Amino acid sequence: MYCPNCGKLNEEGDQYCVFCGAPLIDNQTFDQSASPTPQQILALAKGAGRKGLALVQRHKTAVIGTVAAVVVVAVAGSVLSARFSARGVAERYFKAMLNGDANAAYECLDIVASPYTALSEFTDFWEERYTPVDLYNYSVQSADSSASGNTLPFMGSGNSGSRAARQADSIEKTFNFNYYLRGSDQRYSATVTVVEGTGEIPFIKGYKVMPDFQVTGFTIAAPAGSTVTLDSHALAEPESEGGMDVYRVPAIFNDAHVLSVETALGEPWTEVVVPSAEGVQIQDILYSADTRTAVYNQAVSQMSSIMASVLAYGEMPQDIALTPGSTAAQTYYQLRNDLVQPAEGTGLFQFSFTGSQDQSYTDQTFSSEETTYTCSVDFNYAYGNIYRNWNDELVTQDGNGGSSGEFTYVYEDGQWLLDSFWLGIYP
């Protein structure tokens, strides 16, 4: 029995080669009627001498197929390794930039998935910045020696410079390109940095260009209950932090984006923003015309209610919702006691508003931290008043007047609560 490893003859019945210790295959009693596998043929041919060669001859088609498969796998592996090697990825990205090829560039980039980093978004972003140039020739070398020449702006290239001390063992590898454009003797240079990651193909390392134009973890904070739209995408499922809705965008390109915010109380807010790691916090939104009108109407209604209670020398109207700690009740009782003295039979006995105007500042804003509005009202009124003259006689006086007032509200739980007020009524 011949050893398939060293080819030397052993005794029949031996299980292991006495010369090299390899397990023995019974190549003398091989079933000639069965077709051996290519692996068996190669194993026998390796160490069975002339008998093995004869076996190979008889089954040369299987052997050739096996060898061809091995060659194909080897060649394919070599090609894929070159394509997905650090240098291969760097070169493909370099060529994609010079060719203005957004698709090829996108394949080389380590892009975090989001609606704002899809290929369609990237293509628009890329084509705004790069147009194809006519490349004549180029050379590439790792960053242990520096490139020189005019540098073309290069997206996603990372930091350039000498990295020889750590280039060999680092998961980050940098390549310098020197190149010429057709029809010019000017030499240009560019730098590409790739980072080792998880490969898409087994047994082959994966390298990607780390884009320095991609912002991850971008946040947008807006007043609670807002509707937020970034470009054409409506954001959803915000987190609540400090009274604000916080939207988190996994990744976005750091070019200009249109951010729009709509709120129940404010004017539509739109601004062009460039995303950054710090995020965007939307504060100081102008109150809308509808909000200003609603608050003004509420203030005028509460003015009438307050004056009706004053004339009756009654309590603060219970239908006026107050903020906790409001000074409105204290102001009411002071106003009532100043205008009506029932024990003496003096003071106002009739009062009516004859007209009013909203004089509030229209540039008032709100934020998540403070949603307050101050309504200023100019008003005219008619009144009837009883007073005691210098001769201690009661005198009835009718008249008209004009004055102003101010009502400050805080918005809570969907309603405007009165925090403070004053009315300038001095008959």
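This is a predicted model: local features need pLDDT of at least 70, side-chain atom pairs count only at pLDDT 80 or more; totals for chains, interfaces and linings use all residues.
Residues are numbered from 1 along each chain as its sequence is written, and side-chain values use heavy atoms, without hydrogens and water.

I then checked the aromatic pairs and noted 27 in the structure. Rings of Phe, Tyr and Trp (its six-membered ring) pair if their centres lie within 6.5 Å; planes under 30 degrees apart count as stacked, over 60 as edge-to-face and the rest as tilted. Phe 125 and Phe 253 are stacked, at 5.1 Å centre to centre and 15° between the planes. Phe 125 lies in helix 6 (residues 119-127) and Phe 253 in strand 10 (residues 244-253), 128 residues apart. Helices (H or I, at least four residues) and strands (E, at least two) are DSSP runs, numbered from the N terminus. Phe 253 is buried because its relative accessible area is 2%. I found both in a cluster linked by ring pairs, with Trp 126 and Phe 213 among the other members.

Last, I traced an open sheet of 4 strands, order 8-7-11-12, with antiparallel pairing (two strands pair if DSSP finds at least two bridges between them). Its edge strands are strand 8 (233-234) and strand 12 (269-273). Strands 7 and 11 pair over 4 bridges, and Thr 227 stands opposite Glu 262 in strand 11.

Definitions and conventions: Buried means under 20% relative accessible area, exposed over 50%, partly exposed in between (1.4 Å probe, protein chains only).
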